[in-house]
Amino acid sequence: GLTYNELNDIGRIRKIDRCGPFFMYKRLSCMWEMPPKDLGDKVKLFFQKYAMNRHKSCVVTPAYLCEQYSPDDNRFDLRPFLYNPKWDVQFREIDNTIKSGVLAKQHTAPSTTTLDTVAGKK
């Protein structure tokens with residue numbers, strides 16, 4: 001499972017930093033002291049549950065939370081509300097990274113420049 005502190009970190013990375021499964025795994029590998037396999041399992045668990053329950057936030061009245069990433073009234077939420085819970089490509093990349101052991105050797109946070117370049121923003 002996931003603790004509330006872990007969910008808080010994951011929520012901030014997903015909403016504020018706009019990271020998907022793979023980049024969230026890369027970010028959390030620098031933030032959390034955890035074996036890569038366990039970290040990958042936690043990221044996968046979160047995104048599987050997120051994909052299965054995302055549609056509910058479109059029909060349920062949003063709760064008021066005192067966080068920067070708190071839900072609003074969904075007028076400006078342009079995200080899709082139906083996701084494939086398998087996340088085939090992203091989860092495969094996480095698994096390949098775990099097998100290769102690349103992040104275990106680096107221990108450095110990915111810079112925003114690197115993320116923007118990979119995302120095609122520059």
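Guide: Let's start with a word: a helix here is a DSSP run of H or I with at least four residues, a strand is a run of E with at least two, and both are numbered from the N terminus. By that rule the protein chain has six helices and zero strands.

Visitor: What pattern does the protein chain follow along the sequence?

Guide: Reading along, you get α-α-α-α-α-α. This is a predicted model, where local features need pLDDT of at least 70 and side-chain atom pairs count only at pLDDT 80 or more, though totals for chains, interfaces and linings use all residues. Residues are numbered from 1 along each chain as its sequence is written, and side-chain values use heavy atoms, with hydrogens and water left out.

Visitor: How do you know which helix has the lowest mean pLDDT?

Guide: pLDDT is the predictor's confidence in each residue, from 0 to 100. Among the elements, helix 6 (residues 112–119) has the lowest mean, 48, while helix 2 (residues 21–31) has the highest, 93. The average over the protein chain is 76, and 61% of the residues score at least 70. Over residues 111–118, pLDDT stays under 50.

Visitor: Why is Glu6 called buried?

Guide: Buried means under 20% relative accessible area, exposed means over 50%, and partly exposed is in between (1.4 Å probe, protein chains only). Glu6 has 12% relative accessibility, so it counts as buried. Glu6 belongs to helix 1 (residues 4–15). Across the protein chain's 122 residues, 29% count as buried.

Visitor: What is Glu6 in contact with, beyond its neighbours within four places in sequence?

Guide: A contact is heavy atoms within 4.5 Å. Glu6 has such contacts with Gly1, Trp32, Met34 and Lys42.

Visitor: Why are the buried residues of helix 1 said to be on the same side?

Guide: The buried ones are Glu6, Ile10, Gly11, Ile13 and Arg14. They cover an arc of only 165 degrees around the axis, so they sit on the same side of helix 1. The arc is that of the directions from the helix axis to the C-beta atoms. Over on the other side, Tyr4 and Asn5 are exposed. Helix 2 and helix 3 are among what covers the buried residues of helix 1.

Visitor: How do you know how the span of helix 4 compares with the one expected?

Guide: The expected span is 1.5 Å times one less than the number of residues. Helix 4 has 13 residues and reaches 18 Å from its first C-alpha to its last, close to the 18 Å expected. Its buried residues are Phe91, Ile94 and Thr97. They fall within an arc of 120 degrees, so they line one face of helix 4. Val89 and Lys99 are exposed on the face turned away from that buried side.

Visitor: What makes a nonpolar core, and which residues have the most contacts inside the largest one?

Guide: A nonpolar core is a set of buried Ala, Val, Leu, Ile, Met, Phe, Trp, Tyr and Cys residues joined through side-chain atoms within 4.5 Å. The largest here has 18 residues, and Met24, Leu28, Val43 and Phe47 have the most contacts inside it. Helix 1, helix 2, helix 3 and helix 4 each give two or more residues to this core. Helix 3 supplies the largest share, six residues.

Visitor: What makes Phe47 and Trp87 an edge-to-face pair?

Guide: Their centres are 5.2 Å apart, with 70 degrees between the planes. Phe47 lies in helix 3 and Trp87 in the loop between helix 3 and helix 4 (88–100), so the pair ties together parts that are 40 residues apart in sequence. Ring pairs link Phe46, Phe47, Tyr50 and Trp87 into a cluster.

Terms used. Phe/Tyr/Trp six-rings, centres within 6.5 Å; stacked < 30°, edge-to-face > 60°.
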